[in-house]
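Subject: Structure for your review

Hello,

Here is the structure you will be working with. Please open it first; my notes follow below.

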Amino acid sequence: MLTQYYTASSLDGFIAAEPEDGLAWLLTRDVDAKGPQGYDGFIAEIGALCMGATTYQWLLDHAPGEWYYDMPCWVFTHRTFPATEHDIRFTSEPVTAIHAQMVEAAAGKNVWVVGGGELVGQFADHGLLDEIWIQYAPLTLGAGAPLLPRRIEFEQIEHDQNGEFSCRRLRVKR
Ligand SMILES: NC(=O)c1ccc[n+]([C@@H]2O[C@H](COP(=O)([O-])OP(=O)(O)OC[C@H]3O[C@@H](n4cnc5c(N)ncnc54)[C@H](OP(=O)(O)O)[C@@H]3O)[C@@H](O)[C@H]2O)c1
């Protein structure tokens, strides 16, 4: 079981542009979900996921009525979101407690901290992050939501090209 952060990023380390820009810089690009470090292979090994409230709100705003995950998802928030028929658990409990619940729910599969970067950092602060998989798009954004606002040492496991993306899989050095 690994706790993983799988995300796309600009070359200058932002996972989202300023709000009015959203993810258009990312979602219009050429990538093969079945290719190296592609989404299909990654998600097949995931048994539970979590995300912050901004990421969840983005999904509500940009893909209303859609939900892409059939595994349990925890949303970290202090807000009240509309009820949903999906297995989405809103929480403001400590990340340590939720991580234990995610690992149990995942039943041997990996767990995915979807983002944003500060939430991933909270997991890392407690030694709970094992790997990051980053798909670098060929642009800089100049500003936006940070990839992972912490100082952490990694070792590279894999490096691939997939379409327009330069893909890196890295392991946290213990
Ligand atoms: N490029 C990609 O592949 C990719 C991947 C993921 C996300 N994104 C985008 O990146 C952006 C990330 O936004 P973001 O940096 O603001 O991060 P975020 O993690 O999505 O949301 C931050 C919010 O999560 C809640 N939160 C975080 N930690 C918490 C904790 N320990 N307990 C309770 N609530 C907690 C807080 O919400 P409250 O205000 O409710 O307290 C906080 O304001 C989004 O626009 C998203 O769409 C891009």
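How many helices and strands are there in the chain? There are five helices and 10 strands. Please keep in mind that this is a predicted model.

Overall dimensions

Along the principal axes, the C-alpha atoms fill a box of roughly 40 × 35 × 30 Å. The radius of gyration is 15 Å, which agrees with the value near 16 Å that a compact globule of 174 residues would have. Of the contacts with a separation of 6 or more, 70% are between residues 24 or more positions apart. Buried residues make up 45% of the chain.

Surface and charge

The accessible surface comes to about 9,000 Å², and carbon and sulfur atoms hold 51% of that. The side chains include 12 positive and 24 negative ones, with the centres of the two sets 7 Å apart.

Nonpolar side chains tend to be buried together in soluble globular proteins. In this chain the largest nonpolar core has 24 residues, and Tyr-5, Cys-50 and Phe-123 have the most contacts inside it. Among the elements that give two or more residues to this core are strand 3 (46–52), strand 4 (73–76), helix 5 and strand 10 (165–172). Helix 4 provides the largest share, four residues. A second, separate core has 19 residues, including Ile-43, Ala-53, Tyr-69 and Ile-88.

Helix 5

Gly-127 follows helix 5 and has a positive phi, near 70 degrees.

Ala-8

Ala-8 is in strand 1, residues 3–9. Is Ala-8 buried or exposed? Its relative accessibility is 12%, so Ala-8 counts as buried, the cut-off being under 20%. Apart from residues up to four places away in sequence, Ala-8 touches Ile-15, Trp-25, Leu-26 and Gln-135. The C-alpha atoms of Ala-8 and Leu-147 are separated by 8.6 Å, although the two residues are 139 apart along the chain.

Regards

Note on methods. Residues numbered from 1 in each chain as written. Predicted model: local features only at pLDDT ≥ 70, side-chain atom pairs only at ≥ 80, totals over all residues. Heavy atoms only, no water. Rg over C-alpha atoms; globule rule 2.2 N^0.38 Å. Buried < 20%, exposed > 50% of the residue type's maximum accessible area, 1.4 Å probe, protein only. Contact = heavy atoms within 4.5 Å. Areas by Shrake-Rupley, 256 points an atom, 1.4 Å probe, with all protein chains shown as cover. Lys, Arg positive; Asp, Glu negative; His and termini not counted. Charge placed at Lys NZ, Arg CZ, Asp CG, Glu CD. Core = buried A, V, L, I, M, F, W, Y, C linked by side-chain atoms within 4.5 Å.
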